[in-house]
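Please keep the sequence and the structure in view while reading.

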Amino acid sequence: MAQHQPFGAAPDSDSGLRGTARPHAAPPGDDLSRALRDVLTLTQLARAVLAERLGMPLTNVEAVEHVVMARGAGEPIGPVELSRRLGVTSAAGTQSVNRLVAEGHMTRGPHPSDRRRQVLDVTDSGLTHVMGELAPLLGLLHEASTDLTEDERAAAKRYLDNVSAAYRSYLAQEAG
C-alpha cells in the first residue's frame, strides 16, 4: 500500500520524483500550519452545510456574504465586483444576483456617486434568513476564544493578521 507524504512534505528518495526538483515546494508543515489548514477545510465544509440548510446554491450564499462584508466596510459593491470576488463570469454573477433579488434576499440600486453603476445590498429578510442559520456557528466561534488571556489573544491576532497578509501578498502576485 502506498504511503502519502503530508501536504508540503519533501518527497523521499523512493518517490517517483527522484532527481527532479520541486521549484516551489511548500516548507514542511508545523502545528500552526496544520491547524490553519484544518480550519480552512472545516470552513469550506461549514459553508456547504450552511448553503444546504438555507436551501441556496453555495455561490448565492457567498454572494450574500460578500455584499454584507462590503456593506460593513462601507464600500459599496456592484455586480461586476461581486462576480470578480466570486470567481465567476459576469453572466454567472448577474444570474446569481437576479435570483437573489427575485427571492427577496438582495436589492440592486444606483451607486451613490456614479449613477451609471449599480450597488447591491442585502435585504433585512435576506440577512435574517442567513443569520438565522449562521448565528449558532458564530456563537461557537466566539466561545472558542473566551478562555484566552489577553496575551494569548494578542498572539492569535498577530498570527491571523500575518496569515491575512500572506494571502494578500499571494493575491497581489502576477500569475505565472
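## Glu62 and its surroundings

Not counting residues up to four places away in sequence, Glu62 touches Arg47 and Leu86, where contact means heavy atoms within 4.5 Å. Glu62 has its place in helix α2, and at 18% relative accessibility Glu62 counts as buried; here buried means under 20% relative accessible area, exposed over 50%, and partly exposed in between, with a 1.4 Å probe and protein chains only.

The model is a predicted one, in which local features need pLDDT of at least 70 and side-chain atom pairs count only at pLDDT 80 or more, whereas totals for chains, interfaces and linings use all residues. Residues are numbered from 1 along each chain as its sequence is written, and side-chain values use heavy atoms, with hydrogens and water left out.

## Overall layout

The protein contains six helices and two strands, which are DSSP runs numbered from the N terminus (helices H or I, at least four residues; strands E, at least two). Along the sequence these elements follow the pattern α-α-α-α-β-β-α-α. Of the 176 residues, 21% count as buried. The protein exposes about 12,900 Å², of which carbon and sulfur atoms supply 57%; this area comes from the Shrake-Rupley method with a 1.4 Å probe. Among the contacts with a separation of 6 or more, 42% are accounted for by residues 24 or more positions apart.

Which residues of helix α3 (residues 79-86) are buried? They are Pro79, Leu82, Ser83 and Leu86, and because they cover an arc of only 100 degrees around the axis, they lie on the same side of α3; the arc is that of the directions from the helix axis to the C-beta atoms. An α-helix has 3.6 residues a turn, so residues three or four places apart point the same way. The face of α3 turned away from the buried side carries the exposed residues Val80 and Arg84, while the buried residues of α3 pack against α2 (58-72), α4 (90-102) and β2 (118-122). Gly87, whose phi is positive, near 75 degrees, follows α3.

The largest nonpolar core has 18 residues, and those with the most contacts inside it are Val64, Val67 and Leu82. Such a core is a set of buried Ala, Val, Leu, Ile, Met, Phe, Trp, Tyr and Cys residues joined through side-chain atoms within 4.5 Å. At least two residues of this core are supplied by each of α1 (31-54), α2, α3, α4 and β2, and the largest share, five residues, comes from α2. Leaving aside neighbours within four places in sequence, Val64 is in contact with Met56, Leu100, Met106, Val122 and Val130.

## Helix α5

The 20 residues of helix α5 (residues 124-143) should span 28 Å at 1.5 Å a residue, and the end C-alpha atoms are 26 Å apart, which agrees; the expected span is 1.5 Å times one less than the number of residues. At Leu134 in α5, shortly before the proline Pro136, lies a kink of about 45 degrees, the bend being the angle between axes fitted to the seven residues ending there and the seven starting there.

Gly126 lies in α5, and His129 has its place in this helix too. Gly126 is buried, with a relative accessible area of 2%, whereas His129 counts as partly exposed at 32% relative accessibility. The table gives the C-alpha separations of these two residues from His105.

| Pair | Apart in sequence | C-alpha to C-alpha |
|---|---|---|
| Gly126 and His105 | 21 residues | 3.9 Å |
| His129 and His105 | 24 residues | 8.3 Å |

Leaving aside neighbours within four places in sequence, Gly126 is in contact with Gly104 and His105, and His129, counted likewise, is in contact with Leu54, Met56 and His105.
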